[in-house]
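Please keep the viewer open and follow the points in order.

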Amino acid sequence: MKYDFETVRKRYGMGSGKWDELQAAKPDAGEDTIPFSVADMEFVQAPEIVDGLKAFLDKSVLGYANATPAFKESVCRWMRNRHGWDAQPEWILPSHGVVDAFYAAIRCFSKEGDGVMLLTPVYYPMYMAISSNNRKLVDCPLVRNGSTYDIDFDDFEKKASDPNTKLFLLCSPHNPCGRVWTKEELRKMADICCRYNVLVIDDEIHHDLIMPGYEHFVYAALSREAEQNCLVLTAPSKTFNLAGLQTSNIFVPNEKLREQFLTFMKRSSANPKCNILGYEACRIAYDHCGSWLDQCISVIHENKERITSYFARHFPQIQVCELQATYLLWMDWNGLGLPYKELERINRQEAELFFDEGYIFGAQGEGFERWNLACPTQYIDAALERMNRAYSKYINDSAL
Ligand SMILES: Cc1ncc(COP(=O)(O)O)c(C=O)c1O
């Protein structure tokens, strides 16, 4: 079946922060202008999810609901079939979101003043989770290597070996750099973290969105030792655009850690559970929407190719990072020679390009833009044309 990846439903006035922001900043925005910022998709939902939820509503009662055994089996089946990870249903704890889960994990498994490692630049709520809980950021800057980023393992080990470092908040695959960590890299992280007793909080929310030619490895599947020293944070929300249903699945294979986390969650939020429609949408997606996802990935890949080849012809000063995973393209615009605040102004006010600005991901992100590619290709083409028109007066380049 060929799915619809061409229709956009404008979300003005529907509570979408990024659409509201676009409208406030540019009330006269053109028909072809859509936001490319916050990480949800501008694709209509997979029809299996829409029809399945309608059928579910026809026969159900929307009372309190726990995750059923059938739901947990479906989640584990997805992990097994899609990721080769033999996760067990009893490892799953519910959470309204992955961000909620890593905030809770930081509070549960460390105390004020303890160090939490991050590979930076990184998804900005991770910094906030550390600072707002009065933990100490242990910054492990990624190293730029051509069009991608690598880990400085000497630095990583030095920081992990500090007795004050208690946690490593891993983003795998990495947002915003789009890296899929190789098995070798994950092994090195696991060896170091196990050696120095650093617990790994592994955010894998993007792990289904892997681009052709790359392979993702679930951290916990590396070894029994790694599995027993981590929490794996997953959700169908990025993969199937279900973020509004606030349903995520937190795997804690280690029984002692699981009890500790569950007790902590019960103490802080009384009765951790997700909403009944979220469970059902997740089950339908994992059971029936694999082929929707495959087609979705090929549209994202095509969008990336469009931008890369357009920039090679018209904006060779912009460096596009390799998109190995996620639908978030990380681009270095510093070569245009414009201050980063000026880039933001031109993009928003003149080119009607609403990206996530690189600086929100950390200081290394200044002059970078993050482009959300999960939208119909025609909106990418229109954006490139607007960009070309807007930048012609700023860039003296015959390529334009
Ligand atoms: C790495 C990462 N973790 C978590 C989230 C959000 O998770 P949730 O909506 O489940 O809180 C995002 C959203 O962009 C993300 O990129």
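**A buried methionine, and what surrounds it**

1. Let's begin with Met-211. This residue counts as buried because its relative accessible area is 2%, and the cut-off for buried is under 20%. Please keep in mind throughout that the model is a predicted one.

2. Where does Met-211 lie? You will find Met-211 in the loop that runs between β7 (199-203) and α8 (224-227). If you display its surroundings, leaving out residues up to four places away in sequence, Met-211 touches Ile-297, Ile-300, His-301, Leu-323, Gln-324, Ala-325 and Thr-326.

3. Is Thr-326 buried or exposed? Thr-326 counts as buried, since its relative accessibility is 0%.

4. Glu-352 also has a positive phi without being a glycine; here the value is near 55 degrees. This glutamate belongs to the loop between α12 (340-350) and β12 (356-357). With a relative accessibility of 11%, Glu-352 is buried, because the limit for that label is under 20%.

5. Next, the prolines. Pro-121 lies in the loop between β2 (115-120) and α5 (125-132). A cis peptide bond also joins Ser-172 and Pro-173, where omega is about 0 degrees. Pro-173 is placed in the loop between β6 (165-171) and α7 (183-195).

6. Now for a pair of helices. Two packed helices are described by the angle between their axes and by the distance between those axes. For helix α3 (residues 69-83) and helix α10 (residues 276-288), the axes come within 9 Å and cross at roughly 35 degrees. The crossing of α3 past α10 is left-handed. On the α3 side, the contact is made by Phe-71, Ser-74, Val-75, Arg-77, Trp-78 and Met-79. On the α10 side, the residues are Tyr-279, Cys-282, Arg-283, Ala-285, Tyr-286 and Asp-287. How do the residues of this contact divide by type? Eight are nonpolar, one is polar and three are charged.

7. Finally, please zoom out to the whole protein. There are 13 helices and 13 strands. Along the principal axes, the C-alpha atoms fill a box of roughly 65 × 55 × 35 Å. The radius of gyration is 21 Å, which agrees with the value near 21 Å that a compact globule of 400 residues would have.

8. Buried residues account for 58% of the 400 residues, and the accessible surface comes to about 16,500 Å², with 49% of it belonging to carbon and sulfur atoms. As for contacts between residues at least 6 apart in sequence, 73% join residues at least 24 apart.

Notes:
Residues numbered from 1 in each chain as written. Predicted model: local features only at pLDDT ≥ 70, side-chain atom pairs only at ≥ 80, totals over all residues. Heavy atoms only, no water. Axes fitted to C-alpha atoms, helices over the stretch in contact; angles between N-to-C directions. Helix = DSSP H or I, 4+ residues; strand = E, 2+ residues; numbered from the N terminus. Left-handed = near helix turned anticlockwise from the far one by under 90°. Contact = heavy atoms within 4.5 Å. Nonpolar A, V, L, I, M, F, W, Y, C, P; charged D, E, K, R; others polar. Rg over C-alpha atoms; globule rule 2.2 N^0.38 Å. Buried < 20%, exposed > 50% of the residue type's maximum accessible area, 1.4 Å probe, protein only. Areas by Shrake-Rupley, 256 points an atom, 1.4 Å probe, with all protein chains shown as cover.
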